[in-house]
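I opened this entry to look up charged side-chain pairs. My notes follow the order in which I checked them.

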Amino acid sequence: MKNQTEQKKVVIIGGGFAGIEVARLLSKDGLAEVTLVSKNTCFQYYPNLYRLVVGATVNQVSIPLSSIFSKKVNLIIDTYVSMDATQKTLTLKSGVVVPYDYVVMALGSEPNYFGIDGMEVHSKSFLSVEKALALKAYLLQQITDSKGLSTDEAKKKLHTIIVGAGPSGTELAGALGPFLKGEAKKAGVDPKLISIDLLDSAPRVLSAIPEKGSQLVTAQLKKNGVTVYSNYGVNACDGDCISVTDRASTEVASGEVKTLRFEASTVIWTAGTKISTVFAIIPGVVMTEKKRVQVTPKLTLPTDDTIYIAGDGTGTPYSGLAQTAIDQGQYLATAISNRIHGIAVADYMPKQGTFVIPVGKYWAILNHKTLVVSGLLAFIIRFIVDAKYFMSITSFSHVITMLKKDTSA
Ligand SMILES: Cc1cc2nc3c(=O)[nH]c(=O)nc-3n(C[C@H](O)[C@H](O)[C@H](O)COP(=O)(O)OP(=O)(O)OC[C@H]3O[C@@H](n4cnc5c(N)ncnc54)[C@H](O)[C@@H]3O)c2cc1C
């Protein structure tokens, strides 16, 4: 007969960076019954989604969840809808009710448009495999449609504005110029008609890294044909046009606000994310000032120690990064296993991650605390970090596929 500890049901909601790590590691010890609920059949490797826009295949940026886990994990493809914390049950969209002893909520993030007029409706995004593929198809269509237009009309059709010079906007901007110019050439369209702007309300690109790093990235973007507009706050987007406030030259004293209009047929929004709105409906949740879930040092809710929060949702330092989500997933696998075994559980110790952002071909910027490394070396480090992570969750042959150069158009 199985003893009490063998019967604990651990349910993880969300098959992203944090959820995968908890499920994978916790299922190894075999004492808990581990269930992972995910609304997607595949794990999407967000840091490389921009590559899907510039020629990678779906196989290169995603991994089927069923191939990641052994039979020790019950995988349910469904959407979590609600929780009864008294009965300890979770209800899924299909109507299935899943009982739990411990639940890990690892729901990730969603875009935040900050209420900017028309932005959600008119801008494009690449924050999922589906959206990235749709964006690529749209951009290629602009090239086709520019044929036969006057020079001015073609320039507008081939003008792309990326809003948000954070990691995802910067990565995409660096890769998009060479890709679109190459595609234009193939289609018999003058590549000089293509233009890409990167806009941000902050005074410099990648404002989270030291200024020296931002300068190196700005120069690299320029080399890849990108024009950077810093200090430009976007006010509205109407499909053909975005209006922005030039914050650097706005005359606050005279009360005059300088509003400019940029015309472009493609506006890509990368300027904001917020934690999944589903976190807010977990019973007993309280949000921190930074709009993340308040957690105890053991990553449980203060009001219910059977509900764990992991990844982007946690109100801990350095949340919002894949590295933090992986780290928390690893912590929770040990913490929950120890708890089941009756072993003391240490507190979670937040770790500061390292940024490595590719900008164009074979060039990246690395930043850890005050250290800044740029160029091929940083690019190789990013390649190794990606490879190491892929090796931990997928087969060797799939790792090779994921690391291959982007080829398709
Ligand atoms: C374009 C982009 C580029 C990025 N680049 C980097 C980078 O270079 N470096 C870095 O460190 N971080 C990067 N990040 C951030 C990083 O991807 C996130 O911090 C990380 O994904 C958070 O992991 P998570 O497990 O909390 O959530 P996720 O990985 O987002 O996983 C959450 C999962 O939960 C699922 N889900 C949500 N709601 C439900 C529901 N109701 N029912 C069932 N399933 C549900 C989602 O479909 C998703 O699969 C990037 C993010 C984006 C969007």
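**Salt bridges**

I looked up aspartate 347 and found that it forms a salt bridge with lysine 298, with 2.5 Å between the closest N and O atoms. I count a salt bridge when a side-chain nitrogen of Lys or Arg is within 4 Å of a carboxyl oxygen of Asp or Glu. The pair links distant parts of the chain, 49 residues apart: aspartate 347 is in the loop between helix 9 (322-341) and strand 21 (355-358), and lysine 298 is in the loop between strand 18 (273-275) and strand 19 (300-301). Helices (H or I, at least four residues) and strands (E, at least two) are DSSP runs, numbered from the N terminus.

I note that this is a predicted model, where local features need pLDDT of at least 70, side-chain atom pairs count only at pLDDT 80 or more, and totals for chains, interfaces and linings use all residues. Residues are numbered from 1 along each chain as its sequence is written, and side-chain values use heavy atoms, with hydrogens and water left out.

Next I checked accessibility (buried is under 20% relative accessible area, exposed over 50%, partly exposed in between; 1.4 Å probe, protein chains only). Aspartate 347 counts as partly exposed at 39%, and lysine 298 counts as partly exposed at 31%.

I then looked up arginine 382, whose side chain meets that of glutamate 171 in a salt bridge (3.3 Å, N to O). Arginine 382 lies in helix 10 (residues 376-393) and glutamate 171 in helix 7 (residues 167-186), so the pair ties together parts 211 residues apart in sequence. Both arginine 382 and glutamate 171 are buried.
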